[in-house]
Amino acid sequence: MTVAVGWVGIEIAQLILGLAGLTTDDAGVVRATRVVMEILGIELIAGIAWTALLTGLILSAATQWGVLKYYWIVTKLVITVALMLNGHFFLQHWLREQAEVGKAPESLSLQLVIVMSIALGLLVTATALSIYKPWGKSRRGRRPTAKSTRP
């Protein structure tokens, strides 16, 4: 969970940088925010996302919760994978494009702020799911388990 909270922190930082870049007329500040957003979004988030996914899978598999036994764990898994795919296929490209001097239109910056806001909302949702554990067992979790017989 600590890694996932770090991911939330990076998303907050990127969102603040994106908003700062949108609301200033200073070209130097805009350029700086775009470069830092690129570093955070490409260099840090990929490693943190993979670490969050792997530790989540290991922790759920090694505990009574199981990987697919509860709806809240399945939902967290879907959120994590969706955010990773979005980052890999879209966000990294947008961040690189935005960081190039003079290449990123304001609409791209606004688009990034919107995407990062959605990502932050999803990460907060995943964190809340870890705390509250709603919904109960999935079909896989309700299956009867083989009972061991004692001699």
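Because the model is predicted, local features need pLDDT of at least 70 and side-chain atom pairs count only at pLDDT 80 or more, while totals for chains, interfaces and linings use all residues.

**Stop 1: helix 1**

Select residues 2–23, which make up helix 1. Helices here are DSSP runs of H or I with at least four residues, numbered from the N terminus. How far apart are the end C-alpha atoms of helix 1? They are 32 Å apart, which agrees with the 32 Å that its 22 residues should span at 1.5 Å a residue. (The expected span is 1.5 Å times one less than the number of residues.)

Now colour W7, V8, I10, E11, Q14, L15, G18 and G21, the buried residues of helix 1. Buried means under 20% relative accessible area, exposed over 50%, and partly exposed in between, with a 1.4 Å probe and protein chains only.

What lies over the buried side? The cover on the buried residues of helix 1 includes helix 2, helix 3 and helix 4.

**Stop 2: the largest pocket**

Next, select A52, T55, G56, K76 and S130: of the 25 residues lining the largest pocket, these are the closest to its centre. The space in this pocket comes to about 560 Å³. Here is how such spaces are found: on a 1 Å grid over the protein atoms alone, a cavity is a set of points where a 1.4 Å probe fits but cannot get out, and a pocket is an open set with protein on both sides within 12 Å along at least five of seven lines; lining residues have an atom within 4 Å of a point. Grid points are joined across faces, edges and corners, and a volume is the space filled by probe spheres set on the points.

Show helix 1 (2–23), helix 2 (27–61), helix 3 (71–99) and helix 4 (106–132), the elements that give two or more residues to the lining of the largest pocket. Helix 2 gives the most, with 7 residues. By class, this lining has 16 nonpolar, 7 polar and 2 charged residues. (Ala, Val, Leu, Ile, Met, Phe, Trp, Tyr, Cys and Pro count as nonpolar, Asp, Glu, Lys and Arg as charged, and the others, Gly among them, as polar.)

**Stop 3: the second largest pocket**

Move on to the second largest pocket, with about 230 Å³ of space. Of its 15 lining residues, W50, M84, L85, G87 and H88 are the closest to the centre. Which helix supplies the largest share of this lining? Helix 3 does, with 8 residues. The lining of the second largest pocket has 11 nonpolar, 4 polar and no charged residues.

**Stop 4: the cavities**

There are 2 cavities of 30 Å³ or more. For the largest cavity, about 70 Å³ in volume, select W7, E11, I45, L83, N86, G87, L91, V115, M116 and A119. Helix 3 provides the largest share of that lining, 4 residues. The classes run to 7 nonpolar, 2 polar and 1 charged.

Then hide those and select L17, G18, G21, L22, T33, R34, M37, Q98 and S109, which line the second largest cavity. About 30 Å³ of space lies there, and helix 1 makes the largest contribution to the lining, 4 residues. This lining has 3 nonpolar, 5 polar and 1 charged residues.

**Stop 5: two single residues**

Pick V74 in helix 3. V74 is partly exposed, at 25% relative accessible area. Leaving aside neighbours within four places in sequence, V74 is in contact (heavy atoms within 4.5 Å) with V67 and L68.

Finish at T125 in helix 4, partly exposed at 38%. Draw a C-alpha to C-alpha distance from T125 to I79: the two are 46 residues apart in sequence and 8.9 Å apart in space.

Conventions:
Residues numbered from 1 in each chain as written. Heavy atoms only, no water.
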